[in-house]
Structures are given as structure tokens and as C-alpha cells.
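User: Could you take me through this structure? I am new to reading such models and would like to go step by step.

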Amino acid sequence: MPQIRFMTLSRFIIEQEKLHPEATGELSKLLHDLSLAAKVISLEVNKAGLADILGFTGDSNVHGEDVRKLDMFAHNMMFNAMDHGGHLCIMASEEEEDIIHIPAKFKVGKYVLLFDPLDGSSNIDANVSIGTIFSIFKRITPDGKPGTLKDCLQKGVRQVAAGYIVYGSSTIMVYSAGHGVHGFTLDPSFGEFLLSNESIRIPQKGKIYSINEGNYLYWHPGLKKYIKWLQEEDNDSERPYTSRYIGSMVADIHRNLLYGGIYMYPADSRNPNGKLRLMYECNPMSFIVEAAGGRASNGKQRILEIKPGTLHQRTPIFIGSEYDVRMVEEFMAKEEKTFSPGKKR
Ligand code: AHM
Ligand code: MG
């Protein structure tokens, strides 16, 4: 009889923990709680077309964007699943302006959680893949007390774990706690995440580029040249590349992680810092992609080395296969003097 591999996320996390005798098990429990939140959000996303949940709440979030009902549902679900475990001292969410304290009735722990509850939410109503992203740090303020903003504003390189959940044709959770990147697919029939992609490695070079080309006019001249170069024919460097852009960062990066390629959300002459948020989107995705052997930068500097100044700050991002990210950095470096981001032309 063929061997059936029945590795649930919970079992995998416990087995990983055994490899690190110094581990207290707190991070494992935290990841487990996150997977519970993911299951509930997944259920809700999947029935979105049926329930009276599509559309806007009528409010705006801290970025002045309309909040959709599912965004708020996911935000509340994450908070409710994570507030009482005793592992966290503070949280922050893309949907909330300030840091989120652990209610006084619950114990505080040594970890810090930042999350984007539902990324790519402009796609919700069209049934396109969306995702949840999370980033975990250890606190830097003294144990036993409520966490502070200082705990949240750490460089990405200090993350101890990060991950994302894609709600697509199936629901997949991908995480790394620094030892490899692993993917688990949710079996909807019995509600368990099962190991589907062990030790994911991103190809060193890809054939896919993902960027919103509608912004071409406003780009850095080096970026314009790079994209044109990708579209030229050259057998040795396997060009032209293929363009794939869902407009949902988690789904675009998940695909490129598996197949190889580059995802870009650059600065441009209208948006000097690009669009995506360092703490909720860029740091965790960069942690995952680097752990899988890839590269992530803002064009000049490693994303994980950026010192955050504010919770909701944005950064340009170039992320994916090592070779591809290096190439775009080179193209932009050559044209550096001719571009002033934020300056209208
Ligand atoms: P969101 O956090 O408001 O959902 O925005 C983030 C999303 C990313 O998932 C996606 O890659 C990007 O915005 C798409 O932006 P654009 O429509 O400008 O291409
Ligand atoms: Mg987002």
C-alpha cells in the first residue's frame, strides 16, 4: 500500500520545535493560533459571495482608503484569535492607526505581532486571490509589562518568524521561523492545514516579472530600461520574460516564489515611497523570500535593514529571485542621477 504522508501544520510545528531544545514552545503556540484565525478568515472569504458581506463598511482606514467589510472581519478575527494566548505583548494592524494593546485581563508574553489582515482587498468583489500577512518579533522592552511602539518598530532583520496565507483556488499558509520556508494547504473537508510544499527554494533566476505597468510614465528611467530589456529577445538570458500581475501582492509573490521571478512596487514621480507598507507587507514577505534563497530590496538597500520610523511607513520594493532583483538594482543605479522621486514632471 502506498505510504500516505499525513503531516498537519500542528504536527510539523511540534517536530520543528524538537530540533531546537532551547525553544519554549511559545512561538509554536502562536503559529498555531494564527492558523486558527486563518481557517476562519478562509471560511468567510469563501462564502463572501453568498453572505451579505461584500462591499464597503462606509468608513476609511488610516490610509484614507475605503474599508471593506471583509477587511474588518479579518482584522477583528486576527485580534480575537491572538489577544488571549499569553504569547504577545503588543500587536499592530494595517487597518488600525495605533498599536493594539493586549486587554488588561490577559497575560502578556514575549512576542510582537504585526499583520495585514486582508491584503489585495480591492480584488475581493471580483473573486481574485487575496491574503493575510504576518510578522513576528521578540519584544525589546522588559518582560511582564505591556508592549510599546518601540517593540513594533524593529528592523525586519530582527523578525523571528513571518508568513502569509493565500486565499486562492485553495487556501495555503506559508511560514518561516528562520529554518526553511514551508507551505501547507488547507483541506476544506476536515479543516486541517497539510504539508504541501516542504523547504521551498525560489529559483535563482526566473522568467516572470510582476509590476503595474500602468504607472510606466512615472517610473525611474532605470526601471523603464530594465522592463524594456526584459521584453527583448535573447536566448542566453531567456528573454523575453512573461508578465504576470494579479495586483494582489501575496498571490503575485507566492507564484513567483514557486516558479521564480520578480515582483516590483517601485517609487515613482507621484509616490516617492511607493505604495506598500514596510511593517505589514514588505518586511514579512522579504523575510520569507530571503529564507527561500531570494532577495528583497528597495532598489538600493535590503528591505530587512530599513530602520522603521513609523508604523505605517511605505517603501518601494523589488523582491524575488536573486538574479532578477540584482539586475533591476543595477539598471537603476546606472540612471540614479536622472530621477527625483516625488517630483512631478
Ligand atoms: P492593500 O493593502 O490596500 O490591499 O494594497 C496592497 C496591494 C497589493 O496586494 C498589490 O500588489 C498592490 O496593492 C496593487 O496595487 P496597484 O493596484 O497600484 O497595482
Ligand atoms: Mg495590504
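**Charged pairs, a metal site and a sheet**

Analyst: The side chains of Glu94 and Arg277 form a salt bridge, with 3.7 Å from N to O. Please keep in mind that this is a predicted model.

User: Where in the chain do Glu94 and Arg277 sit?

Analyst: Glu94 is in the loop between strand S3 (88-93) and strand S4 (100-101). Arg277 is in the loop between strand S13 (262-265) and helix H7 (278-291). The pair links distant parts of the chain, 183 residues apart.

User: Is Glu94 buried or exposed? And what about Arg277, buried or exposed?

Analyst: Glu94 has a relative accessible area of 5%, so it is buried, the cut-off being under 20%. Arg277 is buried as well, at 3% relative accessibility.

User: Which other residue forms a salt bridge with Arg277?

Analyst: Glu281 does, and the closest N and O atoms of that pair are 3.8 Å apart. Glu281 and Arg277 are both buried.

User: Why can such side chains pair at all?

Analyst: Side chains of opposite charge can pair when their charged atoms come close.

User: How many salt bridges are there in the whole structure?

Analyst: A search of the whole structure finds 15. Some are linked: Lys155, Glu290, Arg302 and Glu305 belong to a network of salt bridges. Another salt bridge joins Lys205 and Glu238, whose closest N and O atoms lie 3.8 Å apart.

User: Which parts does the pair of Lys205 and Glu238 tie together?

Analyst: Lys205 lies in the loop between strand S10 (192-197) and strand S11 (208-210), while Glu238 lies in the loop between helix H5 (221-231) and strand S12 (242-243). The pair therefore ties together parts that are 33 residues apart in sequence. Lys205 is partly exposed, with 22% relative accessibility, and Glu238 is partly exposed at 42%.

User: New topic, the metal. Which residues are the protein donors of the magnesium ion (ligand 2)?

Analyst: The donors are Glu94 (OE), Asp116 (OD), Asp119 (OD) and Glu281 (OE), and they lie 1.9 to 2.6 Å from the ion.

User: How are the donor residues spaced in sequence?

Analyst: The spacing is E-x21-D-x2-D-x161-E. As for the two aspartates, Asp116 and Asp119 are both buried.

User: And strand S3, what does it pair with?

Analyst: S3 runs parallel to strand S5 (residues 111-119), and 5 bridges join the two. Within that pairing, Ser93 has Phe115 in S5 as its bridge partner. S3 also runs antiparallel to S4, joined by 2 bridges, and Met91 stands opposite Ile100 in S4. A hairpin of 6 residues connects S3 to S4.

User: How many residues of S3 are buried?

Analyst: The count is 6 of its 6 residues, so S3 is mostly covered.

User: What about H7, how many of its residues are buried?

Analyst: In H7, 12 of the 14 residues are buried, so the helix is largely enclosed by the rest of the structure. Among the buried residues are Leu278, Tyr280, Glu281, Phe287 and Val289. After H7 comes Gly293, which has a positive phi near 100°.

User: What is the strand order in the open sheet of 5 strands?

Analyst: The order is S12-S11-S13-S15-S14, with mixed pairing. S12 and strand S14 (295-297) are the edge strands, each pairing on one side only. H7 packs on this sheet, where it touches S14 and S15, and its direction makes about 30° with that of S15.

User: In which sense do S13 and S15 pair?

Analyst: S13 and strand S15 (residues 317-320) pair in the antiparallel sense, over 4 bridges. One example is Tyr265, whose bridge partner in S15 is Ile317.

User: Last one, Thr8. Where is it found?

Analyst: Thr8 is found in the segment before helix H1 (9-18). Thr8 counts as buried because its relative accessibility is 13%. A polar atom of the Thr8 side chain lies 3.1 Å from the backbone nitrogen of Arg11. Leaving aside residues up to four places away in sequence, Thr8 touches Phe184, Glu192, Phe193 and Leu194.

Technical notes: Residues numbered from 1 in each chain as written. Chains lettered and ligands numbered in written order. Predicted model: local features only at pLDDT ≥ 70, side-chain atom pairs only at ≥ 80, totals over all residues. Heavy atoms only, no water. Salt bridge = Lys/Arg side-chain N within 4 Å of Asp/Glu carboxyl O. Buried < 20%, exposed > 50% of the residue type's maximum accessible area, 1.4 Å probe, protein only. Polar contact = N/O pair within 3.5 Å; in protein donor to acceptor, adjacent residues only side chain to side chain. Contact = heavy atoms within 4.5 Å. Donors = N, O, S within 2.8 Å, 3.2 Å for Na, K, Ca; no water. Pairing = 2+ DSSP bridges. Axes fitted to C-alpha atoms, helices over the stretch in contact; angles between N-to-C directions.
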